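My notes follow in the order in which I looked things up.

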Amino acid sequence: MIIKVPDAGNLTVTTHFILLGFLTRPAFQLLLFSVFLVTYLLTLVENLLIILAIRSDKQLHKPMYFFLSHLSFLEMWYVTVISPKMLVNFLSKDKSISFNGCMTQLYFFVTFVCTEYILLAVMAFDRYVAICNPLRYPVIMTNLLCGILAGGCWLCGLMTAMIKMVFIARLRYCGTPRINHYFCDISPLLNVSCEDSSQAELVDFFLALMVIAVPLCVVVTSYVTILIAILKIPSAQGRQKAFSTCASHLTVVTLFYSTTLFTYARPKLMYAYNSNKVVSVLYTVIVPLLNPIIYCLRNRDVKMALKKTLLCIRSGPGEDGGCSS
């Protein structure tokens, strides 16, 4: 697991890390495997159904649902980066992960997290335009702008992750570090480095501040403006209808931001606490599972489209029931 570098004195190059995961008895490991496997499969199925429902129902060919399909697609990969390796480790005595595998997992995980932060802000902006400028909404939120905004989210996520990886991957790790986590995250890697990681931590903190604070300001500004606009609506029914269009998104934003903010505001400090893994489970497992359920429960259009999609899957596309629309 350790390659000696002959021309570098006593320096060793780490080729593997040990992911300690959840330190429990074997019987409980099997229980955790079953729970997380079911959760992972449900998350994939839920998000896939939402994507299929949006693509198949012309009533959902709107900017709001276009961004929702991107969110569902993102979260399918988001959980896939972490869950398979975690599930294997529940059943295996070998908890090791290669250096390249660890850095690859970290790169894609950071990409998806950063992309989701920005995508949620874009979705808040979309709700702001829909409620505060309803007459200009079709003119402002064109297909071209929606495509540019969605592409920008992914590009920003990829670039942010790349910059972070430049500083984290070049840190020196001695021997075979034991990471007290169930996946390769920024905070564990900063803490197991055997050299000064202050520069990498500073860069990570600055980028996290930009990726979290700027979208958060957009979200807060959008919803404060939306709230003011809703309060000006004279009828209670009108206010309820306006608020219902953004209630699902506001719930998803609250869940995601509240569970990730504490971890990535000060990553190295957060790792010192045993609660780190519990918080990580919330935003890597629970939140992606709940998001599709929240959109289904609070959004009648999505609920109807899902029912239609499930009916089409059961009866087949050629059967009666409008499956070809």
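Predicted model: local features only at pLDDT ≥ 70, side-chain atom pairs only at ≥ 80, totals over all residues.

**Disulfide**

I looked up the torsion about the S-S bond of C102 and C184 and got about -125°, so this disulfide is left-handed. I noted that C102 sits in helix α3 (residues 99–132), while C184 sits in the loop between β5 (178–179) and α6 (186–192), so the pair ties together parts that are 82 residues apart in sequence.

I then checked the sulfur atoms of C102 and C184, which are 2.0 Å apart. A sulfur pair has to be within 2.5 Å to count as a disulfide. My search of the whole structure returned one disulfide.

Are the two partners buried or exposed? I found C102 buried at a relative accessible area of 0%, and C184 is likewise buried, with 0% relative accessibility.

I turned to C156, which takes part in no disulfide. The nearest cysteine sulfur to that of C156 belongs to C153, at 7.1 Å. I have C156 down as partly exposed, its relative accessible area being 38%.

C246 counts as buried, at 1% relative accessibility.

**F17, a contact of C102**

I looked up F17 and found it in strand β3 (residues 16–19). F17 is buried, with a relative accessible area of 0%. Setting aside neighbours within four places in sequence, I listed the contacts of F17, among them C102, M103 and F99. The list also includes K95, S96 and I97, as well as Y173, T176, P177 and I179. L189 and V192 are in contact with F17 too.

**Packing of α3**

I took α3 against helix α7 (residues 198–231) and got an angle of about 20°, with the axes 9 Å apart. That angle makes α3 roughly parallel to α7. The crossing of α3 past α7 is left-handed. On the α3 side I noted contact residues including C114, Y117, I118, F125, R127, Y128 and C132. On the α7 side the contact residues include V211, I212, P215, S222, Y223, T225 and I230. Sorted by class, the contact of α3 with α7 has 19 nonpolar, two polar and one charged residues.

Next I took helix α2 (residues 63–91) against α3 and got an angle of about 160°, with the axes 10 Å apart. α2 and α3 are therefore roughly antiparallel to each other. I logged the passage of α2 over α3 as a left-handed crossing. The residues of the contact of α2 with α3 divide into 18 nonpolar, three polar and five charged.

**Whole chain**

Last, I looked up the totals. The protein chain has eleven helices and five strands. Of its 325 residues, 49% count as buried. Among contacts in the protein chain with a separation of 6 or more, I found that 78% come from residues 24 or more positions apart.

Notes:
Residues numbered from 1 in each chain as written. Heavy atoms only, no water. Helix = DSSP H or I, 4+ residues; strand = E, 2+ residues; numbered from the N terminus. Buried < 20%, exposed > 50% of the residue type's maximum accessible area, 1.4 Å probe, protein only. Axes fitted to C-alpha atoms, helices over the stretch in contact; angles between N-to-C directions. Parallel < 35°, antiparallel > 145°, perpendicular 65-115°, else oblique. Left-handed = near helix turned anticlockwise from the far one by under 90°. Contact = heavy atoms within 4.5 Å. Nonpolar A, V, L, I, M, F, W, Y, C, P; charged D, E, K, R; others polar.
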